[in-house]
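I opened my notebook to jot down what I looked up in this fold, entry by entry.

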Amino acid sequence: MAQSSNDALLYSPNQPFGTARAQALGGAGVGLGGDYSSAHTNPAGIGMFKTGEFLISAGLGITNNNSTYLGNGSLDNKGNKTNFQIPSIGVIFATNKHTGDNVWNNVTFSLGYTRLANYNNKTVIAGYNDKSSYTDSWVDQMWYADSAGIVNGYPLGGSIGYLSAVIDRYRHSNGIVDPMSNASPDRPTGGLTAIQQRGILETRGGLNEFAFAVAGNYGNRLYIGGSINVPSVNYRADLTVMEDDATNNGQNKPNNDFAYFDYHQYLKRTGLGVGAKLGILYKASPRFRIGGAFHTPTFYSLHDSYTADITANTENYQGVLSANSGQVTGGYPVENDYNFVTPLRAMAGVTYFFGDITHVSNTQGFITADYEFVNQSSGKFKMNKYPDDEKALNDNISALYKSVSNIKVGAELKFATLYAVRAGFAYYGNPYSNDSYNANTDASRKVYSGGLGYRNKGLYADLTYSYTQGNDRYRLYTSNVPKLTPDAALLDYTRSNVVMTIGLKF
């Protein structure tokens, strides 16, 4: 079982998504409508369309992380990743049958997809560790294993560590034999006082949601809508851990049965989910709108496939040896199937229109704001074959996370009929509790955005730039022995995003 409570946040978007216009407004739009992104936030908003529309978006994202780990915040601590993306593709069909104050004027359908979360990221940490090794976490797992278990039971860690001589068996003076790590400064044989530790986590992929939405327009003032949503998970995570003997601060290193190891673990995660979204939008007056939406929990069926390899040099003990998980599993990856259920979401929004709104050619605009509530501690793993692991993971989620409030605000000004300028801001609340595991990290995020729009008859184009900044924490490993667990690495995260949407009305 290789799932982690940290995975719970992979399925909770913490950055504006959708079309360039929606992102320029900071992701706000629950009380606005009239944009394809409404199908993924407040489906009632697509009821405002009275003509058909096709749109496609493309963008570029640049992510940067600077880490501080074990006192080091300057060397081997920067990770960056650039990726091209297709944030949204959609088509809208509108049936405009009536015009009146007390009839259903039109029913609108939409079909498309939006990238809810972008997994492309790179975290790099490095530090001088005189307490423990990454492999101490493998020793924890193997503490009660017999000889066969050590060799065959832990293909992603301890078993290949044993095949490469990083993990060994130590016989105490009383005859008891326990597993130990030759790479650990805490090893009972002594002679190793510290290691230089490096970790690199590189992730790729995204959470893409396919949605079919329908909305009705009653009297051009009340809009009600719903959607069926099928999110698709495509997640890749490559973890590299490198440890080198740093005895005597790396100078005049003795032959102490450990020089270095390089470990790699590769994860491929795929899956599908199903959920629903319901919303309402009401025009209280020509200048004022109010809306609300409810997102049911999404039920995911997920599949993980892991492989791992290691190369180690234990000097005069067994020299340089390499091993991989296929040697333990007969050439097969380590695979797991399980389910995850996300928290529900509730949101509300308001919009106020200003300027001369009597005709589209006049200078006019709006200000819109959303509030969203999510209880991040209510996400749940479902693992029928491993009830003890399921309980442990869900207990961790309840302890590590809490409810959050997300706030999004945006504004748009239209002028000369054809042009628009936009600006937005989003604040995503800190999902972490005050649990010591979280190292008192405030992982809230702030997003600043701005954009331009052009509309000419049936063609339009929107361009947006957004900048995200926030902090986070990353734990390379933990140990059952508290003194062997290093402090979490603290991360300074930024992301620049450029998105363009082109649309055609029909």
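**Entry 1: a buried proline**

Before anything else I wrote down the cut-off: a residue is buried when its relative accessible area is under 20%. I also noted that this is a predicted model.

Then I went to P179, which sits in strand β7. Its relative accessibility is 7%, so P179 counts as buried. I asked which residues P179 is in contact with once its neighbours within four places in sequence are left aside. The list I got is V139, M142, W143, D168 and R169. I also checked P179 against S132, which is 47 residues apart from it along the chain. The C-alpha atoms of that pair are separated by 15 Å.

**Entry 2: the hairpin around that proline**

Strand β6 (residues 167-171) and strand β7 (residues 177-181) run antiparallel to one another, joined over five bridges. R171 has V177 of β7 opposite it. Between the two strands of this hairpin I found five residues, and G175 has a positive phi near 95°.

**Entry 3: a buried serine**

Is S88 buried or exposed? I found 0% relative accessibility, so S88 counts as buried. S88 belongs to strand β3 (residues 88-96). Setting aside neighbours within four places in sequence, I listed its contacts as G18, T19, L55, I56, S57, Y113 and T114.

**Entry 4: the nonpolar cores**

I then turned to the cores. The largest nonpolar core has 56 residues, and the ones with the most contacts inside it are Y11, Y134, F261, Y263, I310, F340 and L476. Strand β12 (residues 299-313) gives the most to this core, namely six residues. Not counting residues up to four places away in sequence, I310 touches W138, I160, S164, V166, F261, D262, Y263, L321, S322 and A323. There is also a second, separate core of nine residues, which includes Y36, I46, F49 and L55. L55 was already in my notes as a contact of S88.

**Entry 5: the cavities**

Rolling a probe the size of a water molecule over the atoms shows where empty space is left. How many cavities of 30 Å³ or more does the structure hold? I found two.

The largest cavity contains about 280 Å³ of space. I counted 27 residues in its lining, with P13, L116, K277, H295 and R345 nearest the centre. β8 (195-218), β9 (222-245) and β10 (260-285) each supply at least two of the lining residues. The largest share comes from β10, which gives three residues. By type, the lining of the largest cavity holds 11 nonpolar, 11 polar and five charged residues.

The second largest cavity has a volume of about 140 Å³. It is lined by 16 residues, and A22, G27, A28, G29 and S37 are the closest to its centre. I sorted the lining of the second largest cavity into seven nonpolar, six polar and three charged residues.

**Entry 6: the second largest pocket**

I looked at one pocket as well. The second largest pocket takes in about 1,100 Å³ of space. Its lining has 41 residues, and R21, G34, R289, V360 and K414 lie nearest its centre. Which strand gives the most to this lining? My note says β20, with four residues. β20 (445-456) is one of several strands that supply at least two residues each, the others including β1 (53-68), β16 (364-375) and β18 (403-415). The lining of the second largest pocket divides into 17 nonpolar, 12 polar and 12 charged residues.

**Entry 7: two loop residues with positive phi**

Last, I checked backbone angles in two loops. A416 is not a glycine, yet its phi is positive at about 50°. I placed A416 in the loop between β18 and β19. At 49% relative accessibility, A416 counts as partly exposed.

N440 is also a residue other than glycine with a positive phi, near 55°. N440 is located in the loop between β19 and β20. Its relative accessibility is 68%, so I filed N440 as exposed.

Technical notes
Residues numbered from 1 in each chain as written. Predicted model: local features only at pLDDT ≥ 70, side-chain atom pairs only at ≥ 80, totals over all residues. Heavy atoms only, no water. 1 Å grid on protein atoms, 1.4 Å probe; cavity = no way out; pocket = protein on both sides within 12 Å on 5 of 7 lines; lining within 4 Å. Points joined across faces, edges and corners; volume = space filled by probe spheres on them. Nonpolar A, V, L, I, M, F, W, Y, C, P; charged D, E, K, R; others polar. Pairing = 2+ DSSP bridges. Buried < 20%, exposed > 50% of the residue type's maximum accessible area, 1.4 Å probe, protein only. Contact = heavy atoms within 4.5 Å. Core = buried A, V, L, I, M, F, W, Y, C linked by side-chain atoms within 4.5 Å.
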